[in-house]
Structures are given as C-alpha cells and as structure tokens.
Amino acid sequence: MLPRSWLFHQMSRTSCWLFVGLLCGCGPVAVADDFFLTIGGGYSPSGNQASLENNVMFAQRALGEQGVLGEHNDIYFSDGDAVGKDLQVMDPNSVPKANRLMAEFFGSGDSLGLSYRNHAIPKVNGSTEPENIREWFRGEGQTMKSGDRLYVYVTAHGSRSSDRQSPYDTTIATWNNSAIRMTEFVKMLDGLPKGVEVVAIMVQCHAGGFARYIFNEGDPEKGLSEQNRIGFFATVHDRPASGCTPEVDEASYVEYSTYFWAALSGRNRSGRLIERPDYDGDGVVSFDEAHAYTVITADTIDLPVMSSGEFLSIHSFFDEDDPKLLRNDESYALILSLATHSQRAILEGLSEQLSLTGDGRINDAWKKSQSDQGRGSSRRRRRSSPEDGLRRRITRDLERKWPELANVLNPVAIDLLTGRSDEFVEAVEDHPDYARYRELMGADETDDSKTKVKFERFIRIADNVALAENLRRLGDEKLITQFNAIVAAESGSLK
C-alpha cells in the first residue's frame with residue numbers, strides 16, 4: 001500500500017492523470033473516475049425513518065454542489081422503487097393544535113403525527129437487500145479501473161456482531177430484515193479490479209466494526225489489504241449511533257454525516273453557509289478535516305472513528321517500561337506539538353468547550369471520562385423538573401373547569417377537540433403558567449452522556465497523537481509506510 005504523491009493529492013484527479021500522460025508522451029489517457037454507492041434506509045417500514053431518507057437527499061445535494069457527481073452514482077434505499085408505504089414519518093405539526101395540547105396535558109405525545117408514505121428518493125437502483133449490493137459489485141463495480149475511487153455512504157441501522165469471538169464483525173441492517181456483515185462487505189470489495197481506492201462514510205449503529213475493513217478479511221492479524229481503503233465512522237463497534245428519527249424537521253437532526261457533508265460542501269442542511277474547517281489553510285477541506293469538524297461540533301453520543309486511529313489501535317501501544325515511548329499521560333504541550341492540523345483543532349476546540357486548561361488537561365479529561373457521577377441524573381431531573389410541576393398545575397386547573405377531561409373519550413372531551421377546539425386551545429394558552437411552561441420546555445437540556453463522550457473524544461485524539469509518535473519510534477518501516485499512506489489518503493478531498 002503506497003502513499004500517493006503530493007501532486008496526486010493536491011491536483012484534481014482528472015488533471016493529475018492527464019499530466020502524467022503528457023509527461024509520458026502517451027496516447028489516449030485514462031482518466032480516473034469517482035463512483036458513488038449509497039446504501040440507505042431501514043430493514044422494514046417500522047425501521048425506516050424519515051431522517052434516513054433526508055440523509056441521502058442531503059448527501060446528494062452536498063456532493064452535487066461540489067460538482068463531483070457524474071454518471072456513476074448509484075443509490076439503494078429501503079424497498080427500492082416498489083410502490084408502497086415504506087417510510088415512517090413524524091410530523092406533530094400536522095396534528096391540530098387542540099389535539100396536540102390534549103395529548104400533552106391529558107395523555108401522551110408519543111407517535112402523535114406518525115404516518116407512513118412511500119420514500120421520495122429519485123432514481124433509486126433497487127432495495128438494499130444484500131443480493132442487490134452484491135450484484136452492484138459484480139456489475140458496475142467491474143467497470144472500475146485502477147486509480148478510480150469508490151465512495152460508499154451508508155446511512156442505515158446497524159447491529160452488534162452476533163459472534164462473541166468476532167466483536168468487530170458488525171452489520172448493516174438491510175431491507176426485509178436482512179443484513180450485511182463487515183466480513184461480507186470486505187469480500188465484495190475484494191472482487192473489485194486491482195488499483196481501485198475506497199472511501200467509506202458509515203453512520204449506522206456499531207459502524208466502527210467496519211473500520212477493520214482496511215485489513216485482509218477484516219482481520220488485523222492477516223495484514224493490511226492491498227486495496228487502498230480508508231473510512232470515517234460515526235461511532236465505535238460496541239456503541240449505538242445518534243440520528244435515526246421519523247421527525248421531518250431537519251433542523252433537529254444531529255448525526256455524524258450531517259456535519260461531515262456540511263464540512264465538505266460548506267453548507268448545512270438548511271442551506272446556510274458555515275465556516276469552512278480548512279484547518280491547515282490550504283484552501284481545501286479534506287476528509288480528515290471534515291471528520292475533525294464533526295468531532296468538535298456534533299453534540300451527540302457518538303465516539304467517531306477513522307482508519308488511521310483503528311490502525312494505530314492495532315499496531316502501536318503504550319509501554320511505561322520502555323523509556324523511548326510516550327506514555328498516555330504526557331503533557332498537553334508535547335501532544336499538541338506533535339498533532340496534525342486537524343488533531344490540533346480537535347484538541348483546542350474540545351478544550352474550550354470542556355473548560356480544560358493547563359498542561360495536565362489530558363489526565364484531567366481522562367478522569368472526567370471515567371467518572372460515573374451524574375449517570376442517570378438527567379432523567380431524575382426531568383421527573384422532578386419545574387416544567388413537570390407546571391404541567392400538573394395546568395392539567396389540574398383544566399380538569400376543574402371541565403371535570404369530564406378525566407377521560408379523554410368522554411363526549412365533552414371529544415367536543416373540545418372538534419366543535420369547541422378554539423375554546424380549549426384558548427383556555428390552555430391563557431393559563432397564567434403556560435408561557436413559563438412553554439419557555440422551560442423549549443430550553444436546551446444538559447445531557448451528561450453527551451458531555452462525557454466529548455471527554456472521551458478528547459482522550460482518543462490525544463492517544464492517537466501519542467500512538468502515532470510511538471509507531472515512528474518503534475521503527476517498523478513497513479508499518480510506518482502503511483500508516484503514512486492511510487494518513488495521506490485521509491488528507492485527500494472530493495476534488
């Protein structure tokens with residue numbers, strides 16, 4: 001696995017191949033192409049949320065705006081082009097206000113506004129059933145040539161490995177309650193023509209198991225694949241990921257690819273410009289910079305992974321008995337001096353968010369990441385929160401006005417939802433506590449688990465900086481060359 005030259009990284013793929021052809025005095029020049037394969041959606045209608053559809057739409061829009069989508073753009077989503085209601089949608093605002101308020105104060109808002117419809121993704125190749133994906137690799141995949149690059153974007157559900165002996169063999173959930181295991185996916189990639197490069201962006205639960213797809217048969221003991229593969233994964237192999245929701249309001253979406261595609265395109269889901277995370281100042285946002293932006297910005301439970309970090313977890317280590325190797329509690333100043341531009345941005349960005357200061361902040365962050373203090377406390381606060389008290393008071397006063405509301409199927413309650421709905425809405429909204437209640441309900445809620453995982457992200461990056469230095473100090477030239485090639489590929493970009 002050899003690193004690309006600086007020229008190959010900095011120039012566009014097309015111009016690079018033309019340049020080489022001109023230097024060689026060759027005839028017709030083979031131009032490298034980019035292929036995009038999207039695998040999205042759920043395993044059944046009840047597991048096929050609107051956010052998965054919107055993720056595909058956003059990715060297509062972001063890639064299209066960058067001018068990289070060509071004729072090789074294939075999408076497999078849920079049940080394909082079958083006619084039927086395969087998508088779960090939640091739009092509470094489609095429900096009359098009286099019904100929403102009645103549910104809020106006298107019942108439950110769960111599933112209020114839930115409906116099903118056919119997905120709206122255009123030009124879908126087929127369902128995500130494994131045989132369709134295998135057929136793509138046997139067909140379209142065989143038209144690829146050396147130097148071509150395959151992007152695989154997975155926005156789906158995922159599961160833990162069913163084999164305790166192979167915990168990294170996690171799955172992508174596909175249509176009809178089927179699945180593709182990491183090791184099966186590796187076999188599909190192995191069938192591609194020699195010289196094809198692969199970039200994976202995967203956001204399903206337990207996506208980190210697929211980080212090992214860079215190895216032969218997905219097994220680190222069998223060495224690094226000859227095929228150039230890198231990947232960016234929402235979270236580690238043994239954790240769920242954020243993001244799947246039937247809600248139609250994209251402004252509420254917080255999942256890995258929301259930030260990754262925004263970083264590469266310069267626009268968020270709402271179409272607003274963001275500050276481009278060009279941390280090295282070269283004028284281009286690379287894949288690893290998009291990953292870094294996500295690690296810094298995403299307020300989720302995710303612990304993102306990329307290929308270079310997975311490689312280091314296998315081939316580098318800490319050893320307190322070896323004085324030539326860095327420890328995992330080195331000074332922050334030393335770690336920062338060894339960090340790449342993207343790693344420095346993460347360390348500095350998370351330090352600011354987490355109020356980490358001083359040269360001992362790595363050890364401080366580790367202590368915070370190990371603390372169980374506050375676990376479950378957010379849930380307890382919600383049960384005894386001020387808004388709950390106000391809700392009970394409003395409910396009690398409404399029942400005093402209309403005792404029949406003790407049972408929402410009472411004819412009076414039904415009349416308040418239909419012919420007298422304006423009267424009911426006015427009674428709720430005119431209650432003296434309602435404005436304060438709504439203000440509290442709209443306030444951002446502190447989630448200890450999301451704060452804790454940001455400490456974990458900080459530690460993970462600091463460890464990767466130290467492990468990369470240790471790999472160099474260990475002196476295995478083959479492993480160093482392989483690692484440098486992965487890092488170089490991660491520093492690549494869409495163009």
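Biologist: How many bridges join S6 to strand S7?
Modeller: In this predicted model, local features need pLDDT of at least 70, side-chain atom pairs count only at pLDDT 80 or more, and totals for chains, interfaces and linings use all residues. Residues are numbered from 1 along each chain as its sequence is written, and side-chain values use heavy atoms, without hydrogens and water. Strands (E, at least two residues) and helices (H or I, at least four) are DSSP runs numbered from the N terminus, and strands pair if DSSP finds at least two bridges between them. S7 comprises residues 171–174 and runs antiparallel to S6, and the bridges joining them number two.

Biologist: Which residue in S7 stands opposite glycine 158?
Modeller: Strand S6 comprises residues 158–159. The residue of S7 opposite glycine 158 is isoleucine 172.

Biologist: Which strands stand at the edges of this open sheet?
Modeller: The sheet has three strands in the order S6-S7-S8, with antiparallel pairing. Each edge strand has a single partner, so one side of each lacks a neighbour in the sheet; the two are S6 (158–159) and S8 (178–181).

Biologist: Which residue in S4 stands opposite methionine 90?
Modeller: Methionine 90 belongs to strand S3 (residues 87–90), where Leu87 and Val89 are buried on one side and Gln88 and Met90 on the other. S3 is joined by four bridges to strand S4 (residues 114–117), and the two run antiparallel. The residue of S4 opposite methionine 90 is leucine 114.

Biologist: Is lysine 123 buried or exposed?
Modeller: Lysine 123 lies in the loop between S4 and H5. Its phi is near 55°, a positive value in a residue other than glycine. The relative accessibility of lysine 123 is 78%, beyond the limit of over 50%, so lysine 123 counts as exposed.

Biologist: What is the relative accessible area of serine 355?
Modeller: Serine 355 lies in the loop between helix H11 (341–354) and helix H12 (361–370). Phi of serine 355 is positive, near 55°. Serine 355 is exposed, and its relative accessible area is 62%.

Terms used
Buried < 20%, exposed > 50% of the residue type's maximum accessible area, 1.4 Å probe, protein only.
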